[in-house]
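Here's a protein model to explore together. Take a look at it first, and then we'll walk through a few of its helices, charged pairs and rings.

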Amino acid sequence: MSVSPAHPAHPAHRSVGVMLPLDLPVAEVLPYVRRAEELGFDQVWVVEDLGWRGGVAQAATVLASTTNLTVGIGILPAGARNVAFAAMELATLAQLHPGRVIAGIGHGMPAWMRQVGSWPASPLTLIKEYARALRLLVAGQPGPENGRYVRCEGVVLTEIPDIVPPVILGVRGPKSQAVAGEVADGLLLAEPAAPEYITASLGNLGPAATNAPEIVVYDAAAVDDDEEAALNRVRAALEPVGEPQWAAHIDPLPFAEELRAHRAASPDARHFARTMPAEWVRALSISGTPDQARAAIETRHAAGATSVVLAPAGPDRLAALDALARALPHRY
């Protein structure tokens, strides 16, 4: 899996990050990320969804507006950008902000990618070729021989960073995660990322995986002295998890069959989330009192996550950010 660049990527460690909400009003973006740094979060992760804000532009702005935060891009769809030019963007960010960049690459949502004419006949082939080429180029090595989709043979970047940023794959299926084990520096697991799902995903990486992969996990999060208030705040974020495309997240859970039966009996996703047992809400999110949320973060680290990223739930994101900071673990 390793390209073995002269200057290694980030070592594996236990970090806690926060997601920059994609729908945050633009006037709140910089106050939000600066506050995250003040509160002691290690990372901010930006989102690139079709029709919202661009991932590279957001990352550059956050990096320039903070001092110590690592900024993750989660995720850049492989079919959306020529790999050589994507490598130039990432290498530039990593040059200007050494050691503070992590790049997440994924398939992209099929409907979005079809809408823009960029969904390949073989998504697995594309992401495998793309990730391999991207890592080589950002490390200053020549592009690999041309493949089915990715053509950058012999391309060499002139400007390369001293600290090569990790390239991780934001994928959920076992076949895609096996590809991550072959050609990437780790995984980004979308929410919900219960410990059982983290363990199952690590098992999919296979024997070629590095000994210390970056494993970044997202989870909806809410913290309150009133446990019930926190759980209720996070329920709306759990509405999609009963749908078939979330099966990989749910299958490893001990209550997977009960959850499916509950979804089948519910008239809609809203009812499903509003009436699921509190035990399930706690398992599928980082929520509750500060001590409960801190324990949930620690169980994800214990399962193998190097970075746990909290997606704040609730209408007031700045207030939610302050509340989430109360769950930051004691450093260990």
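## Helices, charges and rings

Asp291 is exposed, with a relative accessible area of 55%. For that word, exposed means over 50% relative accessible area, buried means under 20%, and partly exposed is in between (1.4 Å probe, protein chains only). Before going on, a bit of background: this is a predicted model, where local features need pLDDT of at least 70, side-chain atom pairs count only at pLDDT 80 or more, and totals for chains, interfaces and linings use all residues. Residues are numbered from 1 along each chain as its sequence is written, and side-chain values use heavy atoms, with hydrogens and water left out.

Back to Asp291: it forms a salt bridge with Arg294, and the closest N and O atoms are 2.7 Å apart. A salt bridge here is a side-chain nitrogen of Lys or Arg within 4 Å of a carboxyl oxygen of Asp or Glu. Both residues sit in helix α13 (residues 290–303), three residues apart, which is about one turn of the helix. Arg294 is buried, at 14% relative accessible area. Helices like this one are DSSP runs (H or I, at least four residues), strands are too (E, at least two), and they're numbered from the N terminus.

How many salt bridges does a search of the whole structure find? It finds 15. Here are three of them:

| Salt bridge | Closest N to O |
|---|---|
| Glu243 and Arg263 | 2.9 Å |
| Arg294 and Asp291 | 2.7 Å |

Glu182 belongs to helix α6 and Lys128 to helix α5, so the pair ties together parts 54 residues apart in sequence. Glu182 is partly exposed at 36% relative accessibility, and Lys128 is partly exposed too, at 26%. There's also a network of salt bridges linking Arg35, Glu38 and Asp322.

Helix α3 (residues 83–96) has 14 residues and reaches 20 Å from its first C-alpha to its last, close to the 20 Å expected at 1.5 Å a residue. That expected span is 1.5 Å times one less than the number of residues. Asn82 caps the N-terminal end of α3, with a side-chain oxygen 2.9 Å from the backbone nitrogen of Ala84. The buried residues of α3 include Val83, Leu90 and Leu93. What do the buried residues of α3 pack against? They pack against α2 (55–65), β3 (70–77), β4 (101–106) and α5 (123–138), where contact means heavy atoms within 4.5 Å. Helix α5, in turn, has buried residues covered by elements including α3, β4, β5 (167–169) and α6 (174–183). Just after α5, Gly140 takes a positive phi of about 85 degrees.

Finally, the rings. The structure holds two aromatic pairs. In one, the rings of Trp45 and Tyr218 have centres 6.2 Å apart and planes at 70 degrees, so the pair is edge-to-face. Rings of Phe, Tyr and Trp (its six-membered ring) pair if their centres lie within 6.5 Å; planes under 30 degrees apart count as stacked, over 60 as edge-to-face and the rest as tilted. Trp45 is buried at 0% relative accessibility, and Tyr218 is buried at 5%. Phe255 and Trp280 form a stacked pair, 5.1 Å centre to centre with 5 degrees between the planes. Both Phe255 and Trp280 are buried.

Conventions:
Polar contact = N/O pair within 3.5 Å; in protein donor to acceptor, adjacent residues only side chain to side chain.
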